[in-house]
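Hi,

Here is the structure I promised to pass on.

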Amino acid sequence: MRTFQVVAGGGPVAPATRQVPTPSAGEVLVRVKASSINARDLLIVSGRYSIEVPPGRIPLSDGAGVVEAVGDGVSRFRVGDRVVSTFHPTWLYGRFPEWGELHGTQRDGWLTEYLAVDEQSLVAVPEQLSFEEAATLPCAALTAWSAVSGVGPGDALLVQGSGGVSVFALQFARLAGARVLATTSGDEKARRLGTLGASDVVNYVSTPEWGARVQALTGGGADRVVEIGGAGTLAQSIDAVAHGGQIALVGNLASGSGMDVTRFFRRAATLRSISVGSRSDFERMNKVIGRHGLRPVIDRVVPFEQAPEAFAHFENGPRFGKVVISH
Ligand SMILES: NC(=O)c1ccc[n+]([C@@H]2O[C@H](COP(=O)([O-])OP(=O)(O)OC[C@H]3O[C@@H](n4cnc5c(N)ncnc54)[C@H](OP(=O)(O)O)[C@@H]3O)[C@@H](O)[C@H]2O)c1
């Protein structure tokens, strides 16, 4: 089978061939139909991730496909079922457990034609979604779902930028009846965020003090901020959040000095860190996606053979939403 793998020292993923795996007891063999790229995957393949990833590792945490064969004792899926991966393969439900092994780092990932995985680590693809759409869900969508949880009508939520997590967060918050404000760096992206339901979009380049702008627009601040910038945006998020509101800490895309603890105290806000979500969270999210007919926003679908170009486009853009690889 054809795969791509991480190269020593980081760089474009390299093509390789491997044997099609045989599923062990409790495993299913998935014929992968689509995969998608997240910010973490880019760090991994470029050698910039926080833990060392061995050369030869197959990257990508997110993939969707068809069950091709099942090992002994498999009961959740049958041959022909449409399945999608989970980011935390061993976090099935409840509170976040110890970090387990993840695809793309300690285990081979989904940038391959076939992968044998524990049946417990998969969920069914929502009926109305294509494989390409389903492959966007395991990391970005579920993270957004977790970051938005508890938000409802009357709440104001702020998303940062137009990347994978933020666009899903906008979509889920609108479904929940909340008002959504967004920051972005370009006019065309601002227009598209508005089309998806953002009531107000602030350009964070021309308005570096966007926290005050969000305060003014909302008359008291955002009840929830989905924080994807981290150290570089947290100070503005603290300005933007309402008294008693919550900052859902998701990412660290923007470098900077972090937070002013005194200002944070004054807000009496909560800072909650997110780590994607559990399998049962994923299943609940998929029910809502199915019920409301939500469609993931895909920037571009790139053929499998052009996986290195997909990473280059993910890194250099311009893009809006998810980059998907069709296998
Ligand atoms: N904790 C978790 O469970 C979890 C899960 C998934 C992802 N993450 C992390 O969350 C972050 C976002 O992930 P992603 O997959 O959505 O990334 P992504 O698709 O690469 O997001 C890129 C977008 O982020 C926006 N952005 C970058 N710097 C910004 C800034 N200073 N202010 C506002 N927007 C900014 C830009 O939007 P514009 O082009 O519109 O300006 C850019 O297009 C990453 O750090 C990722 O590692 C964490």
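**Salt bridges and a buried strand**

D281 and R284 form a salt bridge, with their closest N and O atoms 4.0 Å apart (a salt bridge being a side-chain nitrogen of Lys or Arg within 4 Å of a carboxyl oxygen of Asp or Glu). The two sit 3 residues apart in helix α9, so about one helical turn separates them. D281 counts as buried at 18% relative accessibility, while R284 is partly exposed at 48%. For those words, buried is under 20% relative accessible area, exposed is over 50% and partly exposed is in between, using a 1.4 Å probe and protein chains only. Helices (H or I, at least four residues) and strands (E, at least two) are DSSP runs, numbered from the N terminus.

Before going further: this is a predicted model, where local features need pLDDT of at least 70 and side-chain atom pairs count only at pLDDT 80 or more, though totals for chains, interfaces and linings use all residues. Residues are numbered from 1 along each chain as its sequence is written, and side-chain values use heavy atoms, with hydrogens and water left out.

Back to the salt bridges: the structure holds 13. One of them joins E133 and R295, at 2.9 Å between the closest N and O atoms. That pair links distant parts of the chain, 162 residues apart, with E133 in helix α2 (residues 131-134) and R295 in the loop between α9 (279-292) and β14 (298-303). E133 is buried at 11%, but R295 is partly exposed at 43%. There is also a salt-bridge network linking R2, E113 and E305.

Then take a look at D41, in helix α1 (residues 39-45). Its side chain meets that of R40 in a salt bridge (3.9 Å, N to O). D41 is buried at 1% relative accessibility, and R40 is buried too, at 10%. Beyond neighbours within four places in sequence, D41 is in contact (heavy atoms within 4.5 Å) with S36, L60, S61 and F311.

Finally, strand β3 (residues 27-37) is largely enclosed by the rest of the structure, because 8 of its 11 residues are buried. Strands pair if DSSP finds at least two bridges between them, and β3 has these antiparallel partners:

- β4 (residues 62-70), joined by 8 bridges, with R31 opposite V66
- β6 (residues 114-118), over 5 bridges, with V28 opposite V117
- β15 (residues 322-326), joined by 4 bridges, with A34 opposite S326

Cheers
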